[in-house]
Amino acid sequence: MRDTKEAARGVAIDVRGVSKVFQGTGQDRVTALDNVFVTIRENEFFTLLGPSGCGKTTLLRLIAGFDFPTEGEILLYGQDIAPLPPFKRPVNTVFQNYALFPHMTVGQNIGFGLEMLGKPRGETDARVDEMLKLVRMEELKNRRTSQISGGQQQRVALARAQAPQPKVLLLDEPLSALDYKLRKDMQIELKRLQNETGITFIFVTHDQEEALTMSDRIAVMSKGKILQIGSPRDIYDRPAERFVANFIGETNFLAGAIESTGKGRAKVRHGSGAILSAALPEGFIDKKNVTVVVRPEHAQISGVRKGATLKGMLENVVYFGTDTHFHVRLEDGAEFVVRQQNKRGIASGLTAGEAVGIAIGEEAAQVLRD
Amino acid sequence: MASAKQVAQSAHRKDVLNRWLLSTPALLIILFAAVGPLFIVLLYSFMVKGDYGDVKFGQFSLDGWFNVFMQRDIFDDTLTINDAHLAIFWRSMKLSLTTTILTAIFGFPTAYFIATRSERNRDIWLFLVTIPFWTNLLIRTFAMQEVIRNEGVINSVLKWLGVIDQPIQMMYTDWGILFGMVYVYLPLMVLPLYASMEKLDFRLVEAGYDLYANSFQVLWRIIIPIVKPGIIAGSILVFIPSLGAYVTPRVLGGGKNMMLGNLIDLQFGQGRNWPLGSAISISLMAIVMLALLFYVRNATSSGARHG
């Protein structure tokens, strides 16, 4: 159902083989983006996720037009926009620290883009009021931007960027300056705005939780490359590379050797001799020694070792309220964490020092590409 | 035993005393170096002039002030407006305003250029801007003479290029004075402009471009309003000293293109009319005060409008 709906969407932005090299003096050559391909669909909430310095902001700036690619092209609805200056692109940006104009009121800030496009005064005013209503700030129209709170500035920045009805809205870590509670509220608010306006959002963040909760699709980036693109569930359940698995959520890594492959799955022999059934990632190049990942909550722990996939010694039990973490030392010396949801009034019955078995289901394990 | 109130009161008294003690040196300097001399100048402007300069103390007269704008014909005693003085006032205003505007026009891109360099290079550029201050103003002005006189650098180059046959007369004209003043006062405009531009958040410029403003609109609607305090500070720093400029009009303007500074000098020197010189000095100050008031009002009202 979801797939057919997504396939029907048009392509908003097509990044084709884009590289960006910052030419410094002598040895200071930095390759910020290395031959990046990504297709962003219409009306999509697309997230570029990665640690600082991974090139996500550079890619956003190339789409906005603040920098120009060293190589490759960026298509906006089929038209190559890479050589255009920012003021000729129907794309608007929400800046990390909002970059609101300090010498203008909230209303003037929001109307600036429309004014520069030469829209008639009446139309601009109407649109400004409409945007103020959308971000629920009607009563602050004539305030100066220094007189409103961080969360309100955030809303003004959103309204300002959306007022000229851009084809694509770029958001550069817009929530990072807000405190935790406000950030949670704004995540929901952003999602609502995107649903209401139907504008394609390209969202840059280093916060994996933010990416998982808000996005339709996520591109995980590292060192100027896109490692994996997929829905939050794809990225979380089926990480293709060690970096992706490590960056998003908690993971257990198991070393093993491929026994047999077929139909996108593999039988992997773990060091302890146990056979794991795991999914193969896209673009897997056949090799012998592989790493298998298992999310802590996808494995089951029990005091019964018979029939368990892995065996080990329970070292530590940490109670978290909603769930309990079991730290198990496997027979080969590696650590394995199992997370189990707590049920009211029922204790796990397991204590540290006990011999335990870990069951890993058919769907729980994933082979990494690297 | 002292109550808390008494302790607080004595602490307050001590605080007040300390404040006065600490500000004493500054107050003394202001009193003896600024207020005192100014008062003497004001007093002198109401005295009768002495025969060989100085004033006749105790003899009150309004002649000094009267002579600022009027003159009495020495033959038939008729009163006329003093055209020469008016022309000098007008020239001073005109040249100072033009100097302020030109330094702003040349200083703005210079300051912008420096502010957009890397941090290390900025210091080098700023250092270069301050180099002219190392040389005495008089010497720099004479050097300027070498550039603009009839056999100077500009005329020689233009002649050599075949653009002109006869040298362009720049020395001893208002243009020559203007040329010199723009050169002398340019750093005073660049430095405050740079100071406010350095604080400019260049993401605002990007935000402007992002919201469909072209380069000119970004400059006019975003950069200039934000660095306005720097423009105002630079304008004050240039306008005030250029209004009272003495060396530049003296050296480059010759004797006939006087500015207020030269007129004052003339009255205290060859003219031997100290009351008139004092009155002109006070008038000059009044113009400066008016200009300052204008700026201050302008600055606060624009702030209030945005607030």
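Among contacts in chain A between residues at least 6 apart in sequence, those joining residues at least 24 apart make up 65%. The model is predicted. Of the 370 residues in chain A, 40% count as buried. Taken along the principal axes, the C-alpha atoms of chain A fill a box of roughly 75 × 50 × 50 Å. The secondary structure of chain A comprises nine helices and 20 strands.

**Sheet**

Five strands of chain A form an open sheet in the order E15-E19-E16-E17-E18, with antiparallel pairing. Strand E15 (299-302) and strand E18 (335-341) of chain A are its edge strands, each pairing on one side only. On average, and with direction ignored, neighbouring strands of this sheet are turned by 40 degrees against each other. Within chain A, strand E16 (residues 310-319) and strand E19 (residues 355-360) pair in the antiparallel sense over four bridges. A:Met313 stands opposite A:Ala355 in E19(A).

**Helix pair**

Helix H5 (residues 150-162) and helix H6 (residues 180-197) of chain A pack with their axes 11 Å apart, at an angle of about 20 degrees. Angles under 35 degrees count as roughly parallel, and therefore H5(A) is roughly parallel to H6(A). The crossing in which H5(A) passes H6(A) is right-handed. The residues that meet in this contact are listed by helix below.

| Helix | Residues in the contact |
|---|---|
| H5(A) | A:Gly151, A:Gln154, A:Leu158, A:Gln162 |
| H6(A) | A:Leu182, A:Met186, A:Leu193, A:Thr197 |

By class, the residues of the contact of H5(A) with H6(A) divide into four nonpolar, four polar and no charged.

Notes. Residues numbered from 1 in each chain as written. Chains lettered and ligands numbered in written order. Predicted model: local features only at pLDDT ≥ 70, side-chain atom pairs only at ≥ 80, totals over all residues. Pairing = 2+ DSSP bridges. Helix = DSSP H or I, 4+ residues; strand = E, 2+ residues; numbered from the N terminus. Axes fitted to C-alpha atoms, helices over the stretch in contact; angles between N-to-C directions. Buried ≥ 20, exposed ≤ 12 C-beta atoms within 10 Å, placed from the backbone. Contact = placed C-beta atoms within 7 Å. Parallel < 35°, antiparallel > 145°, perpendicular 65-115°, else oblique. Left-handed = near helix turned anticlockwise from the far one by under 90°. Nonpolar A, V, L, I, M, F, W, Y, C, P; charged D, E, K, R; others polar.
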